[in-house]
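Subject: A structure for you to explore

Hi,

Here is the structure I promised to pass on. Have a look at it first, and then read my notes below.

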Amino acid sequence: MTDDNKPLTGKIALVAGATRGAGRAIAVELGAAGATVYVTGRTTREKVSEVGRPTETIEETAELVTRAGGEGVAVPTDHLEIERVRALVERIDRERGQLDVLVNDVWGGNKFLDFDTPVWELDLERGLRMLDLGVRTHLITSAVALPLLVRRPGGLVIEVTDGTAESNRTPRENFYYDLAKNAPIRMAYLLAEELKSVGGTAVAVTPGFLRSEEMLDGFGITEENWRDGIKIHRHFALSETPVYLGRGVAALVADPERERWAGQALSSGRLAKEYGVTDADGSRPDLWAYMAAEAAAPGTQVPMDGYR
């Protein structure tokens, strides 16, 4: 974007959970559109969170935001600590006097995800930790930040989750994970109803098969040879970089008629079609539309042509 084409200039955003993955990409794309973005997370250049990945830090994310054309501000924050979140919001108020966009992308619970295990065999503490990380953090952040966000009309809350409302009607990989990823969809719906009275709104968004840093490492591949992942999981053919969702979210935030999406759960593929954005390679993968087509034709392998 040029300096004359930054629709979010003057806007203040908080991306909670911006260390890596979708959160980082959303922060960077908001910066590219001209926003000032406060980026939070638990991993810094001095301290690593329980996720155990020193390779990505909030300082690096803030630098990427600034390099993209916005202003990135890194604030180390554990969003389970209410007083830390209060201090964060007070700082934003003191320094900017406004908050226009809140992106709730806090997670970090993948290490606690046990597949193909019934709830009575799951470790309770691991399950509750997922709910802490994926639900309680979002609740705390919204409760503390909303008084600042609603001070001016037009505030927007974006809940980042995994899966659309449609896809999440069927059971997910794990009892606690299912709860953790359905809750943000319901939060967006409820917040949209409450924010109507002050001229604000809320939506949920989801990537498809996300080639995040953690996902690539888990599959033992890199962004350069990501197609090798198709041999491991055929849906990898419809995978996407975090940039894809980031671009879609930035376009959504800049949309003066975004209230029409109030309370809905929007996939990266749907955002791409609506706003004309693409992934980094120019493609428009739409995993969730493909999964819906597969669900409608049980026992068949739907061709992936037309879904990328």
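**What I found**

Phe236 is buried, at a relative accessible area of 0%; buried means under 20%, exposed over 50%, and partly exposed in between, using a 1.4 Å probe and protein chains only. Before you go on, note that this is a predicted model, where local features need pLDDT of at least 70 and side-chain atom pairs count only at pLDDT 80 or more, while totals for chains, interfaces and linings use all residues. Residues are numbered from 1 along each chain as its sequence is written, and side-chain values use heavy atoms, with hydrogens and water left out.

Now to the aromatic rings. Rings of Phe, Tyr and Trp (its six-membered ring) pair if their centres lie within 6.5 Å; planes under 30 degrees apart count as stacked, over 60 as edge-to-face and the rest as tilted. By this rule there are 7 aromatic pairs. Phe175 and Tyr176 make an edge-to-face pair, 5.2 Å centre to centre with 85° between the planes. Phe175 is partly exposed at 44% relative accessible area, whereas Tyr176 is buried at 9%.

Phe236 has a partner too: with Phe209 it forms a tilted pair, 4.9 Å centre to centre and 45° between the planes. This pair links distant parts of the chain, 27 residues apart: Phe209 is in the loop between β6 and α6 (213-219), and Phe236 is in the loop between α6 and α7. (Helices are DSSP runs of H or I with at least four residues, strands are runs of E with at least two, and both are numbered from the N terminus.) Phe209 is buried as well, at 11%. Together with Phe219 and Trp226, these two residues form one aromatic cluster.

Where does the charged end of Arg211 sit? You will find it over the ring of Trp226, 3.9 Å from the centre. Likewise, the charged end of Lys181 sits over the ring of Trp107, 3.8 Å from the centre. The rule here is that NZ of Lys or CZ of Arg is within 6 Å of the ring centre and within 35 degrees of the ring normal.

Of its 32 residues, Leu30, Val37, Ile158 and Val205 touch the most other members. Another core, of 22 residues, lies apart from it and includes Tyr38 and Leu149.

Enjoy exploring!

Terms used: Core = buried A, V, L, I, M, F, W, Y, C linked by side-chain atoms within 4.5 Å.
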